Amino acid sequence: MRDRFSTGVVCALLALLAALLTGCTQPAAGGESDEPTGATASVLPSATRASGFGGVFLAVDECSSFGKASFTEVPCTSERAAARVVARHDGTPAGGPPCPATTDFVLHISEQSQISDEDGDGAVPQGYACMRNLQPPHPGDPGGGGGPRTIVGDCVYSSGSGQVRETACDGKGTKKPQYKVVKAVAERSRCPLSTALYVQLGGAQPVGCARPL
């Protein structure tokens, strides 16, 4: 009888020890384990998306390849990247907001474009992107001789019939500068007395006061 009791106690102790050892190998709730699980760390798409290549065709801060007649959207880190979008508007430049003053050039985006597709149907809304070159030269800078807007610091020459065109102030353009825009005002009466030419600028101060060079 004593032998049976002793055997029963030993078996119970062995079973308890096995249960304790098994429990020690189970990870605690919320703890870590070396075994792979179904839950993994994830990164938001916005953090992994390359700069200059997003879901909207040529959105602000994205980049385009070389070329103004034919172009594609590329990551800004790509060796093909030439210019960055500084502003993006729907419609046409004639009916929409003006580009920033130092815009180098404007890309016109057709309503039906096969070059890029936002949602898989081949359609991109009509609009325009105001572009800034990633590297010099910057014709949109004051005196640079280009850009879609004439701003203070730009130089112009007479192209006939009361019209003027922008040219580089350093004289390295195809045409020599004749006048320089020195001030932008709301109306002509506010120009300096030295003003020899009034240049249409647009915007809140649409009159450019230009002096002869």
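## Largest pocket

In this predicted model, the largest pocket has a volume of about 220 Å³. Its lining is made up of Pro 93, Pro 97, Pro 98, Cys 99, Val 106, Tyr 128, Pro 148, Arg 149, Thr 150, Leu 201, Gly 202 and Gly 203. Sorted by class, 8 of the lining residues are nonpolar, 3 are polar and 1 is charged.

## Five-stranded sheet

An open sheet is formed by 5 strands in the order S2-S1-S3-S5-S4, with antiparallel pairing. The edges are held by S2 (73-74) and S4 (105-109); each has a single partner strand, so one side of each is left without a neighbour in the sheet.

Within this sheet, S3 (residues 81-90) pairs with S5 (residues 127-133) in the antiparallel sense over 7 bridges. Across this pair, Val 85 stands opposite Met 131 in S5.

S6 (residues 155-160) and S7 (residues 163-167) are antiparallel and share 5 bridges. Tyr 157 faces Arg 165 of S7 in this pairing. The hairpin of S6 and S7 has 2 residues between the strands.

S6 is also joined to S8 (residues 179-185) by 2 bridges, again in the antiparallel sense. Here Val 156 stands opposite Tyr 179 in S8.

## Backbone exceptions

Most residues other than glycine have a negative phi, and most peptide bonds are trans. Asp 61 is not a glycine, yet its phi is positive, about 80°. Asp 61 sits in the loop between helix H2 (45-48) and strand S1 (63-65), and is partly exposed, with a relative accessible area of 44%. Ser 161 likewise has a positive phi, near 55°. Ser 161 belongs to the loop between S6 and S7 and is exposed, at a relative accessible area of 76%.

The peptide bond that joins Pro 136 and Pro 137 is cis, with omega about 5°. Pro 137 lies in the loop between S5 and S6.

## Confidence

The chain has a mean pLDDT of 76, and 66% of its residues reach 70 or more. Over residues 1-52 the pLDDT is below 50, and this stretch has 18 contacts in the model beyond near neighbours in sequence. A further stretch, residues 116-120, stays under 50 in pLDDT and has 12 contacts beyond four places in sequence. Where pLDDT is low, the predicted coordinates should not be read in detail.

Definitions and conventions:
Residues are numbered from 1 along each chain as its sequence is written. This is a predicted model: local features need pLDDT of at least 70, side-chain atom pairs count only at pLDDT 80 or more; totals for chains, interfaces and linings use all residues. Side-chain values use heavy atoms; hydrogens and water are left out. pLDDT is the predictor's confidence in each residue, from 0 to 100. Contact means heavy atoms within 4.5 Å. Two strands pair if DSSP finds at least two bridges between them. Helices (H or I, at least four residues) and strands (E, at least two) are DSSP runs, numbered from the N terminus. On a 1 Å grid over the protein atoms alone, a cavity is a set of points where a 1.4 Å probe fits but cannot get out, and a pocket is an open set with protein on both sides within 12 Å along at least five of seven lines; lining residues have an atom within 4 Å of a point. Grid points are joined across faces, edges and corners, and a volume is the space filled by probe spheres set on the points. Ala, Val, Leu, Ile, Met, Phe, Trp, Tyr, Cys and Pro count as nonpolar, Asp, Glu, Lys and Arg as charged, and the others, Gly among them, as polar. Buried means under 20% relative accessible area, exposed over 50%, partly exposed in between (1.4 Å probe, protein chains only).
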